[in-house]
Amino acid sequence: MIRIYKNAKVITDTEIISDSLIICTDGVISEVTERTDAQADEEIDCRGLFLSPGFADIHVHGGGGFSAMGTEDDVIAMCRAHAERGTTSILPTTLAAPVKQLQNCIETISSAKEKCKHANILGVHLEGPFISPKMRGAQSLDNILQPTYENIEALLGFSKNVRMIGAAPELPNAFKIGEEAAKRNITASVAHTDAPFETVEKAFSHGYSDITHIWSACSAMHKEGIFRKVGAVEAALVNSRCTTQFIGDLRHLPAGAIKLLFAVKGAGKAYAITDGLEYSASDMKEGTVITQENGLSVIYEDGVMKLADRSCLAGSAATMASVVKNLVKTVGIPLCDAVKASSHTPLSVIGFGENKGLIKCGYDEDIILFDGNIDVKYVCTKGKIIKALRNS
């Protein structure tokens, strides 16, 4: 099956190009060319829309009303909801929970991975259970566990589909998490942490290479007495190798913080996530109350999920397309950088940057089309059209 895309503004990682044909063969980009004699089984006139690699969300707990910690059908449904809005690759993300429950979730997501046709399920992201009780955010205190060797092995050694784990490095034995993750090609992310700068800096020499939703549920500069101390935020910013997640809904972080992050880290190290809960990628109504899988109640207000007592943000209701729109329209990030930070960079963080996330020969046909308002009009996941371009 050969498919040609024509009349598109093609977004690469460095520039936007016109007058090029994108030729795909059996779900893989086979040629990016200006020649006009190419023949195909199907030809898509992109009508001047932007052609982009599909977005990738590697930190997302649910979508479309379904949870990553639910049934196999729930996982597939959440991925479909995000795919229809432009996210072609996804890492379903668990909440802190007992080991056996997390093992069940890993098995469920692994099974869904083989059956899901709408999005590429790339594995599992374990956000916890080894996190700081003080910085738990919307995670359940009862489900936070200590990183004993047995607990670490029970999760990291359970399945090859675990691709990322978030943990607080100040916990006893937490450096072992990073070391064991590195041995298994699992990305270890500093997450939900109250650690001082020095501990996080040391964690980066023990297998950790990423920080989870920077500025959210992590230590940062503060005063102790008359002197200032620095924390995980600053350790991540000064480490040139550390990749950095940020929630791009403009509720968890103001535009100025994201501008600072891009100025320091660039689109090759800073990358967007939604941290979306069950009702991301859906039409939420103000005041909707939801009970999460961990038993905590959250409410949708002001465009974001909050704990029901309004004491803390609980997760976003964003999509990656809405995040890219925020980056470009409000923060002022160039479109190529916004797309890179929402596709190739996160995919590279979890080991898929060699064949996904770029419009380039040899890369998968994970392609979306969107207009100047970054409203997604077409979605194709590895050669399968998920959302067709409508006739205007």
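**Overall make-up.** I started with secondary structure: the protein chain has ten helices and 27 strands. These are DSSP runs, numbered from the N terminus, with helices being H or I of at least four residues and strands being E of at least two. I noted that this is a predicted model, where local features need pLDDT of at least 70, side-chain atom pairs count only at pLDDT 80 or more, and totals for chains, interfaces and linings use all residues. Residues are numbered from 1 along each chain as its sequence is written, and side-chain values use heavy atoms, with hydrogens and water left out.

**Size and packing.** I checked the radius of gyration, taken over C-alpha atoms, against the globule rule of 2.2 Å times the number of residues to the power 0.38. A compact globule of 392 residues would come out near 21 Å, and the protein chain has 20 Å, so the two agree. Along the principal axes, the C-alpha atoms fill a box of roughly 70 × 45 × 45 Å.

Next came burial, where buried means under 20% relative accessible area, exposed over 50%, and partly exposed in between (1.4 Å probe, protein chains only). I found that 59% of the 392 residues count as buried. For contacts I used heavy atoms within 4.5 Å. Among contacts between residues at least 6 apart in sequence, 68% join residues at least 24 apart.

**Aromatic pairs.** What describes a pair of aromatic rings? I went by the distance of the centres and the angle of the planes. Rings of Phe, Tyr and Trp (its six-membered ring) pair if their centres lie within 6.5 Å; planes under 30 degrees apart count as stacked, over 60 as edge-to-face and the rest as tilted. By this rule I got four aromatic pairs. In one of them, the rings of Tyr5 and Tyr378 have centres 5.8 Å apart and planes at 80°, so I logged the pair as edge-to-face. This pair links distant parts of the chain: Tyr5 sits in strand 1 (residues 2-6) and Tyr378 in strand 26 (residues 376-381), 373 residues apart. Both Tyr5 and Tyr378 are buried.

Phe246 and Phe262 are edge-to-face too, because their ring centres are 5.7 Å apart and their planes are at 75°. Phe246 counts as buried at 0% relative accessibility, and Phe262 is buried at 10%. I also jotted down a cluster of Phe50, Phe55 and Phe370, linked by ring pairs.

Most residues other than glycine have a negative phi, and most peptide bonds are trans. Which peptide bond did I note as cis? That was the one from Gly128 to Pro129, with omega near 15°. Pro129 is in the loop between strand 13 (124-127) and helix 3 (149-156).

His213 has a positive phi, near 25°. I placed His213 in the loop between strand 16 (208-211) and strand 17 (222-224), and it is buried, with a relative accessible area of 3%. Ala217 also lies in the loop between strand 16 and strand 17, with a positive phi of about 55°.

**One loop aspartate.** Where is Asp364? I found it in the loop between helix 10 (344-349) and strand 25 (367-370). Asp364 is buried, with a relative accessible area of 7%. Leaving aside neighbours within four places in sequence, Asp364 is in contact with Gly27, Val28, Ile29, Asn355, Lys356 and Lys382.
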